[in-house]
Amino acid sequence: MITRRAAAVALRASLRRACSSHAADSDDPLFGLFDASAPHPEPCLSPKDFAFIKDPAPVLPAAALPPPEAVLISKAVRAYGSDFDGKAERFLRRYREFLTDSLVVAVLRAVRSPELCVRFFLWAERQVGYRHTGACYDALAEVLGFEDHARTAERLLREIGEDDREVLGRLLNVLVRRCCRRGLWDEALEELGRLKDFGYRPSVVTYNALVQVLASAGQVEMGFRVQKEMSASGFCMDRSTIGCFAEALCKDGRWTDALDMIEREDFKLDTVLCTQMISGLMEASLFNEAMSFLHRMRCNSCIPNVVTYRTLLSGFLKKKELGWCKRIINMMMTEGCSPNPSLFNSLVHSYCNAEDYAYAYKLFNRMNTCGCPPGYVVYNIFIGSICGREQLPKTELLDLAEKVYEEMLVASCVLNKVNTANFVRCLCGVGKFEKAFQIMKEMMRKGFVPDASTYYKVITFLCQANKVDKAFLLFEEMKRAGVNPDVYTYTILIDGFCKAGLIEQARRWFDEMRSAGCSPNVVTYTALLHAYLKYKQLCQANDIFHRMVDDACYPNAVTYSALIDGLCKAGEVQKACEIYAKLIGASDNVETDLYFENKGVDTISPNVITYGALVDGLCKAQKVADAHELLDSMLSAGCEPNQIVYDALIDGFCKFGKIDNAQEVFLRMTKCGYLPSVHTYTSLIDRMFKDGRLDLAMKVLSQMLKDSCSPNVVTYTAMVDGLCKIGETEKALNLLSLMEEKGCSPNVVTYTALIDGLGKAGKVDASLKLFTQMKTKGCAPNYVTYRVLINHCCAAGLLDDAHLLLDEMKQTHWPKYLQGYCSAVQGFSKKFLASLGLLEEMESHDTAPIAHVYGMIIDSFSKAGRLETALELHKEMMEVSSPLNMTSKGMYTSLIQALCLSSQVEEAIALHIEMMRRGTMPDLSLFVCLIKGLIEVDKWNEALQLCYGICQEVSPLFTYAVQTHTFIIFPYSAIDEPLSAP
C-alpha cells in the first residue's frame, strides 16, 4: 500500500511535469504562505504562570472608600431619623470637628433618603466654621430626585427655605446650572422661573451658564433676553460666555450683532474670540466672511494660532471645499502650524474620495514633517480607496498603493481584513502573484485570517494563468488555516487541474467536496465530464453523466454523510436524524423516501463521518442528550468514534452548560487512547471560566500544560472573556500581557471581549486606551469592536468619542453588504453577537447594519440636547446606507421630541412624515409632543388637523386615548366639536 507521504511526493512530481510547459520557471518555487523553516521553540509555560488568576481581588485603596466617620454618621442618621432633633443631633455633635465637604457628600450619597438628607444638610450648614461647597449642593440635588428631569418636591424646598433662605437660594441656583450642564435649556428656564417665584435673584455664574446653554442650543433670541436681564441686574458676561454667544450668532449669520455685543460688553477681539467667531461662520458656510475675519485678526495684531487654522480647515473639509483646504494647509505650514492626526485622516479620506490620490499622498509626507506619522487608519483609508472599487485600478495607482504598503510595513501598521483581500485581488488581477502571496503571508503573521472568498479570488487568478502548482499549494494552506472551501473554490480547482491533465487529483477533490457537504454544481460536473471524454475514459465519463441526471444519481456513504452534514449546518437537524434513521432501517417516514429511491441503498451503512456530522449537528442544535445517545449507538454498531466526534460532543456539553457530562466524555476519550487536543481543553476551560469555577479551570489548564499542549489564541480568549464575565477585568488585562509574553498574539476577538468587559465594568477610558493599543500592535478592529465601543461610549456620555469612532469605522472601508459583514464578525460566539442585537440585524437586512450604530449615536445626541449634531448625523445616515434599514423608532422619537422642544416644529413634522412613510408607527406620546409643539408656535389649526387625522386612521381605543390627552392640552374654547367628527 502506498503511504500518504509517498502519494504526496508523487503528486508534486506530476504537478511539476504537467505544468512545466506553462507554469513559472523552476527557479521560482512557491513554498506556500508559511516558510518551511525550522519550527521555533514554544515558550515554556507552567501552572505558576497562571497563579495570579486564583489570587483574591485587590482591596480598594483607602481613598476610594468613604471615610469611617461618614459611615457612622449615615448609619446614625438613618437609625435616628424619626428623632432627628433629639438623638440624631446629639450623636452628630461628636463629629463636628470632622465636618468637611467630602464627608457631607459621602453621607448624602449613603443616606439617600430626601427628608433625612435635607435635615442633615441644614444641620451641617449651621455648624460654626463650616460652609457647604458646590459639590455638597450638587450631591443634595442628586439625592432630591432631579435625575430624569424630575421637579423637586415643593414641601422639601419650602422646608429648606424656612430654615435657611440663603441655603435655598444657593440650591435653586445650583439646580439651574445643573440643567445647563446637561444641555436642558428649556428645563433650566423652568428652574429659573421657580428661583424667581421663591423671591431670589440668579447669581452671575447662573446667568453665564444660562446664556451659554441657550447659545449652544441655537436659541439666540432667548439668549439676548437673558443677557439683557443679566445686564439690568448689574452683571457682565465672562470671556467664555462672550465667545460661546458670539459663535452662536455667527452660526446664525448675525456676525455684525456679535461684534456689537462684544463692543457693548467692553471686550476686545483676541485670537480665541476671533477663532470662535470663525467657527460659527464656517458652520453657516460664510466662507468669505470667515476669511475676512482672519484678515481682521492680523490687522488687530491677533496672530492666528494652530486652533484657528484647524477650525478653518475642519470647516472647509466638512463642507467639501477641498480647494480652500489646500490654501489653508499651505498657510498653516508657512506659519509653522499643522493639522492634528484625526484631521489628517479626514483630509486623506476626502481627497481619496475625490480621486486626488497625488495630493492625498503628499499629505503622508506632510504628516511625517509635522511630527504625526501616518498610522493604521490613514493607511487603510488610502489603500482601501484605491483597491476597494470593483474595477481594477490603473497601473500607476496600484504602484502607488504598493509604495504606501511598503511604508506601512516600516511603520509597523496593518491592513484590515477587507482591504487586505481587495489589495491581493487587485495584484492578482494584474499578474503580480508573488507580490499578492507575499502580502497575504505578511498579513497572516500579523493576525489576518483570509476567508473563503479571498482564497477563491486568488485561486481563480492562478488557475486562469495556468499556475496550478501554486493554486494547489494555496488550497492546501487554505485548509490548514481552518477555512472551509466553498463550491466555487472546488470548481475552479477541478477545472484547472482537468485542463492540465491531472484528472485523478481533480476527481479526488470532487469526492472531497461531496464528503464535506459541498454539493457540486453543473460547472463542476461539466469540467470532469469533458476531461474524461477528452482522455477517452468512457466509464468514468458515463458515471459522471449519470450523476448529473437526478434519477440516475446513485449516492454512496459519503453522499449521505454530506447530506446529513449539510442539513445539520442548515439547521434541519430533525430531517438529518430522519435520514439517518432511514439509513439504518429504523424509520418508515415517507417524507424521506425521495432520498432512497435508488438501488443498493440497503448495503450502505453510516460511517464515522456520518456519525460525526450528526453528532456535531445535534450539539449545535442544543440536543446534546440525543448526541450522547448517538455515541452509544455508534459503538453498538461497531463504528469506533474518532477524536473529531469526541471533541464535538465535549464542546456541545460545554456550550450547553453540562460540564460534568463533558468531563465524562473526556475520560471515555482518553481511555480509548485519544490524546485531548487544544480544542478539547479550550472547550472545557471556556465553560469553567464562564461558570466562575476558576479552581477547576486551573486544574484543567495544569493538565493541558502537563500534556505539552500549549494554549492557543482561542484558549487565551476564552479565559479573558470568562474573567470579564465575572468582573475580574484586572486579571483579564494581566492575562493579555501574559499571552503576549509567551508569543501568542491576541486577535480581534480577544481584544473585543476585553474592551466589552472593561466597558461593562464602567472603565470606558480603559476600553478606549486598549482600543488604541490594539491598533498600535497591528490588530485591525472589526465591526463588532466598533459597535461594542460605541455602545459603551454612548452609555457613558462620551458622545464625541462615539462620533469619532463612527467616522473611523466608515473611513476604513468596512463592508457595505451582508456577505462581507458576516465575514467581518466571524470568530465571535452567537451568544455574544445576540447580546449586541447583531444577529437580529443580520437576519433583518441585506446590508451591514451600520444604520443601527447611527441610530444609537443620534438618539444619544438628541437626549443630550445636541440637536444640530444629531440632525447632521441623520442626514449623513440617509446618504451612506439603504433607506429601507432606517426604521429605528427610538431614534426618530428622540429627534422629533428635541425639535419640538426647540420650536422647530416644521422639521419635526417632516421627520414624522418620513417615519410614517418607512412603516414605523409613532407612539401616542409622540403625537402629543407634536401637538404641543404646534400649539407652542400658535399653529392651532395644524394641531387640530393632526388630531382629526389620527382619530380617523387609527383604532377606537387609540382614538379615545388621543381625545383624552388632547382635551387636556387644548382649552375648551379652542375645540368646537368632538375629535371623532369627520
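Q: Which side chains do aspartate 721 and lysine 690 use, or rather, what do their side chains meet in?
A: The side chains of aspartate 721 and lysine 690 meet in a salt bridge, at 3.4 Å from N to O. Keep in mind that this is a predicted model.

Q: Where do aspartate 721 and lysine 690 lie?
A: Aspartate 721 is in helix α38 (residues 713-725) and lysine 690 is in helix α36 (residues 678-690). The pair therefore ties together parts that are 31 residues apart in sequence.

Q: Is aspartate 721 buried or exposed?
A: Aspartate 721 is buried, with a relative accessible area of 13%. The cut-off for buried is under 20%.

Q: And what about lysine 690?
A: Lysine 690 is partly exposed, with a relative accessible area of 30%.

Q: Which residues do salt bridges that share partners join into one network?
A: Glu125, Arg131, Glu166 and Arg170 are joined that way.

Q: How many salt bridges does the count come to?
A: The count is 33 salt bridges. One of them is between the side chains of lysine 432 and aspartate 399, at 3.1 Å from N to O.

Q: Which parts does that pair tie together?
A: Lysine 432 lies in the loop between α22 and α23, and aspartate 399 lies in helix α21, so the pair links parts that are 33 residues apart in sequence. Lysine 432 is partly exposed at 28% relative accessible area, and aspartate 399 is partly exposed at 36%.

Q: What does aspartate 632 meet in a salt bridge?
A: The side chain of aspartate 632 meets that of arginine 668, at 3.3 Å from N to O. Aspartate 632 lies in helix α33 (residues 624-636) and arginine 668 in helix α35 (residues 659-671), so this pair ties together parts 36 residues apart in sequence.

Q: How accessible are aspartate 632 and arginine 668?
A: Aspartate 632 is partly exposed, with a relative accessible area of 35%. Arginine 668 is also partly exposed, at 23%.

Q: Back to α23. How many residues does it have?
A: Helix α23 (residues 433-445) has 13 residues. From its first C-alpha to its last it reaches 18 Å, close to the 18 Å expected at 1.5 Å a residue.

Q: Which of the residues in α23 are buried?
A: Phe433, Lys435, Ala436, Phe437, Ile439, Met440, Glu442, Met443 and Met444 are buried.

Q: What covers them?
A: The cover includes α21 (395-410), α22 (417-429), α24 (452-464) and α25 (468-480).

Q: Another pair of helices: at roughly what angle do the axes of α40 and α42 cross?
A: The axes of α40 (residues 748-760) and α42 (residues 783-795) cross at roughly 10° and come within 9 Å. That makes α40 roughly parallel to α42, because angles under 35 degrees count as roughly parallel.

Q: Which residues meet there?
A: In α40 they are Val748, Thr752, Ile755, Asp756, Gly759 and Lys760. They meet Val784, Thr785, Val788, Leu789 and His792 in α42.

Q: Now the whole chain. How many helices and strands?
A: The secondary structure of the protein chain comes to 53 helices and 0 strands.

Q: How many residues are there, and what percentage count as buried?
A: There are 982 residues in the protein chain, and 50% count as buried. Among contacts between residues at least 6 apart in sequence, 65% join residues at least 24 apart.

Q: What is the average pLDDT?
A: The protein chain averages a pLDDT of 77, and 78% of the residues score at least 70. Over residues 18-40 the pLDDT is below 50, and this stretch has 29 contacts in the model beyond near neighbours in sequence. Over residues 839-848 the pLDDT also stays under 50, with 26 contacts beyond four places in sequence.

Q: Change of topic: what is phi of arginine 112?
A: Phi of arginine 112 is near 70°, a positive value in a residue other than glycine. Arginine 112 is in the loop between α4 (101-111) and α5 (114-125), and arginine 112 is partly exposed at 42% relative accessible area.

Q: And phi of aspartate 266?
A: Phi of aspartate 266 is near 60°, a positive value in a residue other than glycine. Aspartate 266 lies in the loop between α13 (255-264) and α14 (271-283). Aspartate 266 is exposed, with a relative accessible area of 71%.

Conventions. Residues are numbered from 1 along each chain as its sequence is written. This is a predicted model: local features need pLDDT of at least 70, side-chain atom pairs count only at pLDDT 80 or more; totals for chains, interfaces and linings use all residues. Side-chain values use heavy atoms; hydrogens and water are left out. pLDDT is the predictor's confidence in each residue, from 0 to 100. Contact means heavy atoms within 4.5 Å. Helices (H or I, at least four residues) and strands (E, at least two) are DSSP runs, numbered from the N terminus. The expected span of a helix is 1.5 Å times one less than its number of residues. Buried means under 20% relative accessible area, exposed over 50%, partly exposed in between (1.4 Å probe, protein chains only). A salt bridge is a side-chain nitrogen of Lys or Arg within 4 Å of a carboxyl oxygen of Asp or Glu. Axes are lines fitted to C-alpha atoms, for helices over the stretch in contact, and angles run from 0 to 180 degrees between N-to-C directions. Angles under 35 degrees count as roughly parallel, over 145 as roughly antiparallel, 65 to 115 as roughly perpendicular and the rest as oblique.
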